[in-house]
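Look over the fold before reading on.

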Amino acid sequence: MYGRRVVQRRVMAFTAAIVAIGFAASGCSSSSSTPTASAPQSALAAIQKAGVIRIGMAQDPPFEFTTAAGDWTSFNPILCQKLADYLGVKAEFVTTGWTGIVAGLQTGKYDIIGADINATDERKKVIDFTNPYYQTGTSFFALSTNASKFTSVADLNKSSVTIAVVTGSDNETAVTQNMPNASERALPNASIADLVSEVVSGRSQVLATSTYLAPGLIAKYHFTVIPSLASAPNGVLPVGVAWGLPKNEPELLAKLNAFLAQETANGNIAALQLKWLTPENTLK
């Protein structure tokens with residue numbers, strides 16, 4: 001009996017020694033058998049590794065629109081192409097609509113929003129923005145025949161007034177905040193032509209859109225602007241126009257801001273604005 005127990009203890013000791021040698025040979029230990037996860041790749045590193053930056057674009061003349069051949073052109077597409085050159089990668093434009101443009105960024109359909117998105121406080125909760133390259137707000141437009149009827153924002157805050165606006169836009173927020181009593185006619189992914197049609201046809205008395213469109217709308221349709229440009233050159237709820245990027249990507253944000261600072265200092269942004277942000281391009 002005694003001898004058999006001794007043999008068993010020696011077998012167990014021998015087995016433990018073999019297991020220990022196995023762990024040592026494999027570089028493992030019983031306390032750290034799980035490998036350490038590597039740090040996630042930054043958005044900037046991923047763009048540089050892929051050799052392409054995917055840029056979300058939505059129709060919004062004069063800042064961005066497509067040619068008859070379907071190619072993106074105007075202020076933002078040209079500036080984004082310069083950005084791609086600056087990063088040493090290719091630019092790939094991804095067409096999207098304004099209703100889902102933020103969600104598309106959040107789900108990784110593109111790396112940045114290169115369209116002229118307004119950096120509102122609400123959007124800043126879910127995505128980050130570059131430094132603004134333009135300033136605008138929301139203005140309200142009515143036919144000149146209603147100029148005496150609609151002279152202030154308060155005149156629009158009535159249930160008898162129907163205001164056409166793009167669904168989910170910051171312009172819709174301006175309507176909700178400033179005219180809670182008005183009848184809102186929200187149109188998903190509507191173009192400025194769609195909004196103009198609403199007013200010209202009489203389905204709506206007023207349209208709400210970005211203030212920078214005022215020169216074109218006044219020149220072509222003789223609209224009256226509420227509030228007047230003299231009293232509110234950036235409309236209501238003025239905000240910076242910028243590019244959008246995913247939250248918590250400091251390297252990419254710094255790179256984009258450095259590029260915009262460079263293009264501002266060398267005069268390229270001012271030159272692009274002068275060439276493309278015109279009344280003629282407003283209603284493309």
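Predicted model: local features only at pLDDT ≥ 70, side-chain atom pairs only at ≥ 80, totals over all residues.

Residues are numbered from 1 along each chain as its sequence is written, and side-chain values use heavy atoms, without hydrogens or water.

Start with the cores. A nonpolar core is a set of buried Ala, Val, Leu, Ile, Met, Phe, Trp, Tyr and Cys residues joined through side-chain atoms within 4.5 Å. Buried means under 20% relative accessible area, exposed over 50%, and partly exposed in between, with a 1.4 Å probe and protein chains only. The largest core holds 58 residues. Ile53, Ile101 and Leu207 have the most contacts inside it. Helix α3 gives the most to this core, with six residues. A second, separate core has 16 residues, including Phe150, Val161, Ile163 and Ala208. Helices (H or I, at least four residues) and strands (E, at least two) are DSSP runs, numbered from the N terminus.

Ile53 shows its surroundings well. Contact means heavy atoms within 4.5 Å. Leaving aside neighbours within four places in sequence, Ile53 contacts, among others, Leu83, Ala84, Leu87 and Ile112.

Now turn to β10, residues 206-210. Five of its five residues are buried. Two strands pair if DSSP finds at least two bridges between them. β10 pairs with β7 in the antiparallel sense over four bridges. β10 also runs parallel to β8 (residues 162-166), joined by two bridges. Leu207 takes part in both pairings: its bridge partner is Phe141, and Ala164 stands opposite Leu207 as well.

Next, helix α11, residues 268-276. Which of its residues are buried? They are Ile269, Leu272, Gln273 and Trp276. These lie on the same side of α11, because they cover an arc of only 100° around the axis; the arc is that of the directions from the helix axis to the C-beta atoms. The face turned away carries the exposed Leu274 and Lys275. The buried residues pack against several elements, including α3 (75-87), β7 (134-142) and α10 (250-265).

Asp60 is buried yet has no salt bridge, meaning a side-chain nitrogen of Lys or Arg within 4 Å of a carboxyl oxygen of Asp or Glu. The nearest side chain of opposite charge, Arg123, is 9.2 Å away. Not counting residues up to four places away in sequence, Asp60 touches Trp98, Asp116 and Tyr212.

Key:
Lys, Arg positive; Asp, Glu negative; His and termini not counted.
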